[in-house]
Every structure is written in structure tokens, then in C-alpha cells.
Amino acid sequence: MESLRIYFLTYNCALTPIDVEHFSNHFFDALPVTDNSSSPLPDLLVLSLQEIAPLAYAFLGGSFLVPYFASFTQAVDRATLQRFDTQYVNVVTENSGMTGLMVFARSDVVNSLSHPDIARVGFGFQDIGNKAAVASRLSYQSHRGPQAGVDLTLIAAHLAPMEDAVARRNSDWRSMVERLVFSGSGRTSTPNNEQNEDEGESAALLPGSSESGSKYPGIFTPSNYLFVGGDLNYRTADRFPTKEDSFKYPKADAEPSDPFHYSQLLKNDQLKREMQQSRCFQGLSEAAIAFPPTYKYHRDAQLAARDPAQADKAPEWKWTSHRWPSWCDRILFLDTPPGLGDESKVKVLKYDALPVSPTSDHRPVALAVSIPVSDRRAVNEPETVAPFSIDPDWEHRRDVARKKEYFVGCLAYLGLTREGNAMVFASTIGILGAWFIIRSLLSS
């Protein structure tokens with residue numbers, strides 16, 4: 001049966017440009033290997049990126065974000081050429097505040113994709129995007145005919161932090177359902193909708209339009225496969241750790257029955273608890289976790305990741321003492337859209353964490369899946385699709401929040417960046433110089 005293969009990776013960048021070589025070398029570590037030591041080529045690569053750049057650059061967007069996104073494009077290009085000797089085309093590069101979404105399609109698949117539609121929402125103070133989500137909706141058209149394909153909704157998200165903020169994280173999920181709304185613009189763009197000189201080329205490569213549909217403008221539709229990946233920030237305790245707690249943190253060499261094995265912490269995972277009680281991510285699933293916590297690694301762990309001499313040594317987990325080691329970085333999915341049958345269920349190929357990053361206290365996490373290509377004529381329309389109704393004020397709230405982001409971004413740029421400081425200094429010197437010149441002219 002024909003299928004669409006997706007490799008979805010989520011990574012908290014910690015406001016720091018990535019080490020391209022390290023990232024590309026490990027990019028496909030979570031891709032399954034078959035008996036002949038090869039892996040099927042993914043059709044789509046999806047990157048959910050959090051804290052992609054400092055606040056000033058992220059809120060101003062546009063050219064300020066280009067170098068940060070470009071480093072991921074470079075890493076993907078290197079990884080795909082090394083692993084598969086093939087090329088992938090960047091078809092989506094979008095952000096909502098400090099959260100970014102990138103989608104790459106294999107070169108021979110690009111012409112089978114619809115124009116992406118984009119939606120954004122902020123969860124931060126007064127809806128600004130220090131914590132946010134950005135979504136893309138697009139469709140894959142099978143060569144079998146116009147009725148055969150796969151409809152996708154891909155979301156990158158970053159929810160509220162801290163051990164005791166479970167209710168806020170659940171509220172952020174509700175905001176995603178209520179205020180991530182697709183307007184049907186159906187075009188590829190650079191961050192914050194600024195035109196890219198390559199946009200015309202991308203538009204030519206992506207014929208057709210995504211099935212946004214005014215009837216289902218939110219992230220849930222009868223036929224769409226939904227993927228939500230990001231720093232969801234759910235922890236393994238509802239309180240902050242004490243100094244004594246840090247002595248109980250997981251160890252790399254512990255056996256599964258050992259109290260120091262990471263699975264002991266997984267028993268207290270907030271996300272699993274909240275999902276089981278239907279307080280968040282209703283209807284979504286997660287593949288089994290068989291990897292250690294992805295947060296929060298000590299600076300020493302990041303330094304060790306930079307050292308090639310450490311590669312052959314036995315692993316050692318270095319945690320910070322003021323945060324519970326937790327699975328903050330997760331990828332959830334709707335395994336069967338509500339309008340499709342069980343034969344359309346997502347097949348999980350692998351779910352794993354990548355090695356510790358030299359530039360972040362988070363480990364990347366990746367999910368490889370295979371989605372059967374369905375006949376759209378068989379889609380049913382159930383009475384209930386989404387757990388919450390769309391907020392009728394979503395567009396106004398988004399537009400007001402964007403204006404606030406731009407204002408905050410300007411202030412942060414002037415006060416917190418070297419370039420901004422230089423502009424303020426030069427302006428101050430210019431004003432003072434002009435004042436002295438005018439004063440001397442008036443007194444002469």
C-alpha cells in the first residue's frame with residue numbers, strides 16, 4: 001500500500017545558533033534501520049524549533065531570523081546528502097515569535113504538495129510569542145489519482161515552563177485549538193510573511209491549494225493527520241527539586257529495575273497523567289518512550305558533546321540540580337483522523353532522542369512514521385471533530401499581539417543587542433554634537 005513517510009524532529013535551540021556539523025551528523029539518528037542497514041527515504045522532514053533566536057530578533061522577524069533558519073537548512077542539506085545522496089526542498093519556513101516551523105520535501109515529492117496554509121498563536125504575556133505555536137496545513141496528492149492523498153496539519157509549539165505550571169500548559173493547548181486558525185492564504189513565505197526572492201520558484205513547485213476549507217478552519221478536520229511537536233514543558237514532578245532530590249536523578253548505567261533508571265521518573269510524567277485524564281491533547285497519541293529525559297542537561301554535558309574524545313567513552317548524564325530531569329520535548333499525533341477508518345492508522349517506525357547538543361540544555365527528539373495514502377471519497381464527517389470551539393476573536397487577538405511583539409522587539413533590539421546599543425550610542429553622540437553646534441552658533 002502506498003504511504004507517505006515523515007521524519008518529525010523537535011529541538012529547543014536555547015537562543016543559540018546550532019553547531020551545523022554536530023546537528024547534521026546526528027540528524028537521522030532516530031531513523032529506523034532495516035535488515036540491510038539502509039533506511040527508506042522520508043518524503044517529508046519537519047522541524048519544530050523553539051527559542052530559535054533571542055527575543056529581539058525573533059519578535060522583529062524577517063531578515064533578523066534568516067541566519068538562524070539558514071543554519072538548519074544547511075544542516076539538513078548536509079545530512080540528506082551524506083545519508084541518502086539526495087536533495088530536499090524547503091517548502092515551509094515560518095515562525096510565531098520565538099517558535100519556528102520548517103518543512104522540507106524530497107525533490108521528487110515537491111510537485112505533489114499543495115500550497116501550505118499557515119496559522120499562528122502566542123501564549124505569552126498578553127498573547128505575545130515568547131511562548132507560541134505555528135502550524136502549517138498542506139496536502140500530498142498521490143499519483144494514483146485526484147482522490148488519493150494525505151492531508152496534514154503540522155504544529156510546532158512551546159508551552160509554559162516550570163514544574164508547577166501544569167494548568168497553564170493545558171490552557172496553552174486549549175489556545176492552540178481555539179486560536180490556530182487557517183485563513184486559506186495558501187502560500188509559502190519567509191518568517192512573518194515577508195516575501196522571499198525564491199518565493200516565486202517555490203510557488204511554481206507547489207501547484208494546487210491546501211484543503212483549508214471554511215467549514216474546518218481549525219487544526220482538527222475529518223481527514224487531516226495532526227502532529228504536534230515541541231517543548232511542551234511537562235515535567236516529572238509538580239514541585240521544584242530540593243538538593244536532596246538531585247541525588248536521586250537517573251544514571252546512564254542503571255538497569256531497568258534500579259531506582260536510578262530513568263523509567264522510574266517516567267511514572268510521574270505530567271503529560272501522560274494529564275492526557276489520561278483528558279485535560280489536554282484530547283484524542284492524540286504518543287509512541288512509547290524508551291529514551292532518557294531530554295531536559296535539563298548541565299553545561300558540562302554540552303561541553304562534553306563538543307569534545308570528539310568523549311565519543312568513545314561510556315555515557316554519563318550530567319543534570320542541573322534545580323530542575324527535575326523531564327521529557328519536555330515531545331511529539332504527539334492523531335493516529336487516525338476522525339473521518340477515516342482504522343486502515344488509515346499512522347504506523348510508528350521509531351521514536352527516539354538524539355545525542356546531547358553542544359549548544360542547548362535540551363536533547364532533540366525525532367519521530368519517524370508512515371501514513372497510508374487514503375481515498376478522500378471515503379471520508380466521513382463526524383459530529384464532533386475538535387475538543388474546543390474556535391475563538392471568534394482569534395484574528396483580532398493575533399493582530400494586536402503581533403503589534404505588541406514588534407514594539408517589544410524594537411525595545412529589546414535597542415537595549416539588548418550590540419547593534420541596537422551602537423545605534424543608541426551613535427544617536428546620542430549625534431544629538432549632543434548637534435546641540436553643542438547650535439548652542440555655539442546662538443552664543444556667537
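Predicted model: local features only at pLDDT ≥ 70, side-chain atom pairs only at ≥ 80, totals over all residues.

**Rings, charges and a strand**

Analyst: Start with a charge and a ring. Lys251 lies over the face of Phe260, 5.1 Å from the ring centre.

The structure holds 21 aromatic pairs. One of them joins Phe27 and Phe28. Their centres are 4.8 Å apart, and their planes make an angle of 85 degrees. That pair is edge-to-face.

How are the rings of Phe28 and Phe84 placed? Their centres are 5.1 Å apart and their planes stand at 75 degrees. Planes over 60 degrees apart count as edge-to-face, so this pair is edge-to-face. Two values do the work here. A pair of aromatic rings is described by the distance of the centres and the angle of the planes.

Where do these two residues sit in the chain? Phe28 is in the loop between α1 (20–26) and β2. Phe84 belongs to helix α3, residues 66–84. They are 56 residues apart, and the pair links distant parts of the chain.

Phe27 has 0%, so Phe27 is buried. Phe28 has 4% relative accessibility, so Phe28 counts as buried. Phe84 has 14%, so Phe84 is buried too.

Next, widen the view. Ring pairs link Phe27, Phe28 and Phe84 into a cluster with Tyr7, Tyr11, Phe23 and Phe72.

What are the partners of β1? One is strand β11, residues 365–372. β1 and β11 pair in the antiparallel sense over eight bridges. In β11, Val369 is the bridge partner of Ile6. Another partner is strand β2, residues 44–50. β1 and β2 run in the parallel sense, with seven bridges. In β2, Gln50 is the bridge partner of Asn12.

Go to Phe27, its edge-to-face partner. Then go to Phe84, in helix α3. Finish at β1, between its bridges to β11 and to β2.

Note on methods
Residues numbered from 1 in each chain as written. Heavy atoms only, no water. Pairing = 2+ DSSP bridges. Helix = DSSP H or I, 4+ residues; strand = E, 2+ residues; numbered from the N terminus. Phe/Tyr/Trp six-rings, centres within 6.5 Å; stacked < 30°, edge-to-face > 60°. Buried < 20%, exposed > 50% of the residue type's maximum accessible area, 1.4 Å probe, protein only. Lys NZ or Arg CZ within 6 Å of the ring centre and 35° of its normal.
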